[in-house]
Amino acid sequence: MRIRPESHAEFSAIHDLVKTAFATARVKDGDEQNFVDRLRARKNYIPELALVVEKDGALIGHIMLTRLRIKGNAGPRNALLLAPLCVALGHRERGV
């Protein structure tokens with residue numbers, strides 16, 4: 001397995017991977033693949049923290065971290081949003 005940043009050329013394949021992976025997920029809303037697309041279009045997108053897992057030339061996982069500002073009693077804080085995370089069905093529970 002190889003973990004590396006996603007590339008623009010893979011956006012369509014990642015869209016399909018996220019859609020397929022969430023189709024069998026316990027928790028889902030059916031819009032996760034579009035959420036990934038929307039996150040990329042925002043200024044909070046961090047290309048270096050949008051990662052894919054590749055095995056034998058195939059994408060089997062995807063994860064994104066994007067900037068987030070949290071408002072709290074002590075004032076606003078910078079944070080990272082971890083979402084969404086997906087692994088293809090045949091590779092789950094195998095340490096991906």
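What share of the contacts in the chain with a separation of 6 or more comes from residues 24 or more positions apart? The figure is 56%, where a contact means heavy atoms within 4.5 Å. The model is a predicted one, so to speak, in which local features need pLDDT of at least 70 and side-chain atom pairs count only at pLDDT 80 or more, while totals for chains, interfaces and linings use all residues. Residues are numbered from 1 along each chain as its sequence is written, and side-chain values use heavy atoms, with hydrogens and water left out.

As for the overall layout, the chain holds 2 helices and 4 strands, taken as DSSP runs (H or I of at least four residues for helices, E of at least two for strands) and numbered from the N terminus. Along the sequence they come in the pattern β-α-α-β-β-β. The C-alpha trace spans about 45 × 30 × 25 Å along its principal axes. Of the 96 residues in the chain, 32% are buried; buried here stands for under 20% relative accessible area, exposed for over 50%, and partly exposed for anything in between, with a 1.4 Å probe and protein chains only.

Next comes the helix pair. The axes of α1 and α2 come within 7 Å and cross at roughly 145°, the axes being lines fitted to C-alpha atoms, for helices over the stretch in contact, and the angles running from 0 to 180 degrees between N-to-C directions. On the α1 side the contact involves Phe11, Ile14, His15, Val18, Lys19 and Phe22, and these meet Glu32, Gln33, Asn34, Val36, Asp37 and Arg40 of α2. Sorted by class, the residues of this contact come out as 5 nonpolar, 3 polar and 4 charged. In that scheme Ala, Val, Leu, Ile, Met, Phe, Trp, Tyr, Cys and Pro count as nonpolar, Asp, Glu, Lys and Arg as charged, and the others, Gly among them, as polar.

Helix α2 (residues 32–40) has Glu32, Gln33, Val36, Leu39 and Arg40 as its buried residues. These cover an arc of only 120° around the axis, which puts them on the same side of α2; the arc is that of the directions from the helix axis to the C-beta atoms. The buried residues of α2 pack against α1 (11–23), and also against β2 (45–55), β3 (58–70) and β4 (77–87). Glutamine 33 is buried, at 7% relative accessible area, and touches His15, Val18 and Lys19, leaving aside residues up to four places away in sequence. Asparagine 34, also placed in α2, is partly exposed at 28%.

Over in the strands, leucine 68 sits in β3 and is partly exposed, with a relative accessible area of 36%. Not counting residues up to four places away in sequence, leucine 68 touches Arg77, Asn78, Ala79 and Leu81. Asparagine 78 is 10 residues from leucine 68 in sequence, and their C-alpha atoms are 6.0 Å apart.

Then there is the backbone. Alanine 83 and proline 84 are joined by a cis peptide bond with omega of about -20°, and proline 84 belongs to strand β4. Aspartate 56, in the loop between β2 and β3, has a positive phi near 50° despite being a residue other than glycine; at 76% relative accessibility it counts as exposed. Glutamate 93, in the segment after β4, is likewise not a glycine and has a positive phi of about 60°. Glutamate 93 is exposed too, at 79% relative accessibility.

Glutamate 93 turns up again in the largest pocket, whose lining also takes in Ala21, Phe22, Thr24, Ala25, Arg26, Leu85, Cys86, Val87 and Arg92. A pocket is an open set of points on a 1 Å grid over the protein atoms alone, with protein on both sides within 12 Å along at least five of seven lines, and lining residues have an atom within 4 Å of a point. The volume is about 240 Å³, meaning the space filled by probe spheres set on the points, with grid points joined across faces, edges and corners. The elements giving two or more residues to this lining are α1 and β4, and β4 gives the most, with 3 residues. By class the lining has 6 nonpolar, 1 polar and 3 charged residues.

Methods: 1 Å grid on protein atoms, 1.4 Å probe; cavity = no way out; pocket = protein on both sides within 12 Å on 5 of 7 lines; lining within 4 Å.
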